Amino acid sequence: MSQYVPFIITASYLLIAIIIGWGAGRGHNMRTVEGWGAGGRSMNSIVVYLLVAAGGVSAYTFMGSPGWAHDKGVPALYVVVYLAYMAIVAWYIGPKVWNLGAKYGHVTQSTAIADRYESKLLGGLTAIVGSVGGLAFAVIQTIGAAYILNVMSFGLIPTWLGVIIALSVIAIYLYRSGLRAIGFTNAFQGALMFVVAWMVGLWAVNWFTGGFNAAPIFERLRAEAPEFLTLPGALDDMSYAFWTTSILISFFSIWQSHWIAWMGAKSARSLKRAVTYLPLYYLVLIPMIVVGFIGIFAYPDIANSDQVAIQMAVDNMPIIVAGLLGAGTLAASMSSSEPNIHATALTYSKDVIQPLFKLSDERTGKLTRWLIFPIMALIIAPISIMEPASLVYILLIGYGFTGQAFAIMVGIFFWPRATAAGAIVGLVAGAVVTTLFSFVFVHPLGIHAGIWGLAVNIPCFIIVSLLTKPVSKETLAPFFSADEKAAAEDPAR
């Protein structure tokens with residue numbers, strides 16, 4: 001019976017998440033886009049910090065990073081670099097986004113794009129293209145949640161059932177409380193993940209070396225398997241070019257879920273304070289990558305390297321620690337799945353369905369919550385059950401599509417001459433190239449498909465913009481003077 005204690009601890013997390021998420025919406029109107037979608041712009045710095053931080057690290061922390069360290073070695077560190085760069089983007093652009101949203105009623109990224117470029121068509125296209133990345137990310141997290149339920153239950157819960165359980169739990173509190181549910185569950189999840197990652201990492205180092213010094217692990221790697229310590233990695237498939245361009249495309253990607261999370265803050269100042277310390281949270285990745293290096297020797301023939309940390313815990317760690325790792329991994333998966341499900345439902349209803357069918361704001365608000373169910377049942381669940389590829393490769397493909405909106409972001413904040421025609425041509429061209437170079441001619445010259453997409457996207461964006469009529473000065477004014485106006489009106493800044 002004691003062998004199931006880790007599973008009971010892991011499964012208990014699901015109940016805790018429902019309780020926290022369900023209660024988060026109490027006292028707030030969740031039948032409006034503003035209330036369900038942006039949480040009434042009411043969350044403090046600590047909640048926003050953990051919302052963004054926990055939403056960024058995901059199942060990659062406990063499964064993908066140890067798995068890549070086990071199979072490839074140091075290429076796994078790419079995520080530590082790109083997350084630090086993304087924090088810089090959040091620090092610089094996040095407050096600008098919040099000011100615009102608060103003043104002009106923007107909730108989604110695509111709504112701001114449609115207003116800036118005077119084009120509902122462009123808003124809808126960015127919603128659809130950007131959702132490819134968000135849905136890919138949600139699939140990764142759902143697979144991760146199913147894996148952990150399967151392993152911790154010793155196979156009693158098959159992967160397909162784990163997918164259904166994880167999505168059902170998310171659906172309960174996400175429908176009820178929207179972004180506030182994500183914020184408050186992520187606050188709990190983020191704290192749990194950070195503590196568990198370091199607890200497990202330190203335990204694994206002590207178990208393998210007899211102390212808390214990780215140096216012997218790397219000395220043994222240098223002596224017995226030095227290919228794990230340099231690029232292109234042990235599998236010889238992560239060249240300098242692909243490693244570098246994977247970081248770049250991640251840096252260029254401003255996710256719909258991140259944009260919406262920024263909107264949930266109480267003020268621009270509160271948001272800036274929260275994202276300033278994001279890189280400190282991402283230290284959570286280091287101990288789990290070390291666990292993956294230990295797995296090279298402890299589990300050289302494991303069938304699924306994404307499960308190396310979980311398998312090590314189940315086989316060797318005290319049952320309480322193993323159970324907490326299970327709960328932490330489940331938390332990591334769900335904390336990143338739910339923001340992307342929420343963002344996709346929100347942007348589809350607000351930026352695609354509402355303008356297409358000319359729905360009122362009231363009807364759109366009611367529709368938004370219900371959209372999570374078909375998105376989960378018809379897209380995320382079937383793809384997750386098929387388990388199409390490595391968790392990390394799914395993520396990288398997602399970043400390729402999300403990154404195609406980078407040129408459009410430049411036009412919002414830095415280049416008034418950008419036009420809707422230029423943005424549409426660039427976005428479509430970039431998405432087509434990214435698709436071809438992700439699935440047909442895979443990453444030519446070892447350069448990430450998303451970078452090839454941007455290489456076509458950006459010149460098209462610039463040339464067509466210069467050849468077409470720009471939007472009116474009245475439309476541009478809020479986007480290029482919003483910070484100064486907001487600073488004058490918001491004494492908290």
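Mentor: Happy to! One term first: a residue is buried under 20% relative accessible area, exposed over 50% and partly exposed in between, using a 1.4 Å probe and protein chains only. This is a predicted model, where local features need pLDDT of at least 70 and side-chain atom pairs pLDDT 80 or more, while totals for chains, interfaces and linings use all residues. Numbering runs from 1 along each chain as its sequence is written, and side-chain values use heavy atoms, without hydrogens or water.

Of its 493 residues, 60% count as buried.

Now to the rings themselves. The structure holds 25 aromatic pairs (Phe, Tyr or six-membered Trp rings with centres within 6.5 Å; stacked under 30 degrees between planes, edge-to-face over 60, tilted for the rest). Take Tyr 175 and Phe 373: their centres lie 5.7 Å apart with 40° between the planes, a tilted pair. This pair links distant parts of the chain, since Tyr 175 belongs to helix α8 (residues 159-209) and Phe 373 to helix α17 (residues 361-386), 198 residues apart. Phe 373 itself is partly exposed, at a relative accessible area of 32%.

Next come Trp 203 and Trp 207, a stacked pair with 5.9 Å from centre to centre and 15° between the planes. Both of these tryptophans lie in helix α8, four residues apart, about one turn of the helix. An α-helix has 3.6 residues a turn, so residues three or four places apart point the same way. Trp 207 is partly exposed, with 34% relative accessible area.

Rings can also gather in groups: Tyr 92, Trp 259, Trp 262, Phe 413 and Phe 414 are joined into a cluster by ring pairs.

As for what sits over the rings, I can show you two charged side chains. The charged end of Lys 72 sits over the ring of Trp 68, 4.9 Å from the ring centre (NZ of Lys or CZ of Arg within 6 Å of the centre and within 35 degrees of the ring normal). Arg 176 does likewise with Trp 22: its charged end is over that ring, 5.3 Å from the centre.

Methods:
Helix = DSSP H or I, 4+ residues; strand = E, 2+ residues; numbered from the N terminus.
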